[in-house]
Amino acid sequence: MTANSTGSARTGTIIFRTISGGLSVSLEVTQFGDAAFSLTLSTDTQAVSYVAQENAVDVISNTAWSWETDADWIDSAEALTQNDGWTKPSE
């Protein structure tokens, strides 16, 4: 990946296909710009079963961030505010 000196984040997609062409999946890649604060997630959706479980998402940032939920059944062992920047896994 080349350096992004545009000042803005940019996004591209990589598509993986079986040789037969029957299956494909894609990966979206976001590269931050050099002049901006950034905040992104490793995934923005999760489908989970009905049983209690732990899931994770990586929060990728170059600045402090916080989290909250509007659902009483979602919780986390992570502090509501994170100050160490860059990648922080949340449960």
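**Entry 1: a loop residue**

I began with asparagine 83, which sits in the loop between strand 6 (81-82) and strand 7 (86-90). The strands here are DSSP runs of E with at least two residues, and helices are runs of H or I with at least four, both numbered from the N terminus. Asparagine 83 is exposed because its relative accessibility is 62%. The cut-offs are under 20% relative accessible area for buried, over 50% for exposed and partly exposed in between, with a 1.4 Å probe and protein chains only. I then looked up threonine 63, which is 20 residues from asparagine 83 in sequence and 7.1 Å away in space, C-alpha to C-alpha.

**Entry 2: what I am looking at**

I noted that this is a predicted model, in which local features need pLDDT of at least 70, side-chain atom pairs count only at pLDDT 80 or more, and totals for chains, interfaces and linings use all residues. Residues are numbered from 1 along each chain as its sequence is written, and side-chain values use heavy atoms, with hydrogens and water left out.

**Entry 3: the whole chain**

I found seven strands and zero helices. The order from the N terminus is β-β-β-β-β-β-β. Of the 91 residues in the chain, 13% are buried.

**Entry 4: the second largest pocket**

I looked up its volume, which is about 300 Å³. A pocket is an open set of points on a 1 Å grid over the protein atoms alone, where a 1.4 Å probe fits, with protein on both sides within 12 Å along at least five of seven lines; lining residues have an atom within 4 Å of a point. The volume is the space filled by probe spheres set on the points, which are joined across faces, edges and corners.

Which element gives the most to the lining? Strand 2 does, with four residues. Strand 2 and strand 3 (39-41) each supply at least two. The lining includes Leu27, Thr30, Leu41 and Thr43. By type, the lining has five nonpolar, four polar and two charged residues.

Threonine 30 is in strand 2 and is partly exposed, because its relative accessible area is 33%. Its C-alpha atom is 9.8 Å from that of leucine 41, 11 residues apart along the chain. Threonine 43 is in the loop between strand 3 and strand 4 (57-61). At 30% relative accessibility, threonine 43 is partly exposed. Valine 57 is 14 residues from threonine 43 in sequence and 6.4 Å from it, C-alpha to C-alpha.

**Entry 5: a nonpolar patch**

I ended with Ile14, Phe16, Val25 and Leu27, a nonpolar surface patch with about 370 Å² of accessible area together. Strand 1 (10-17) and strand 2 (24-31) each give two or more residues to the patch. Nonpolar side chains in a patch are joined within 5 Å, and each residue has over 30% relative accessible area and no salt bridge. Leucine 27, in strand 2, is partly exposed because its relative accessibility is 41%.

Notes. Patch = residues over 30% accessible without salt bridge, like charges linked within 9 Å, V, L, I, M, F, W, Y side chains within 5 Å. Areas by Shrake-Rupley, 256 points an atom, 1.4 Å probe, with all protein chains shown as cover. Salt bridge = Lys/Arg side-chain N within 4 Å of Asp/Glu carboxyl O. Nonpolar A, V, L, I, M, F, W, Y, C, P; charged D, E, K, R; others polar.
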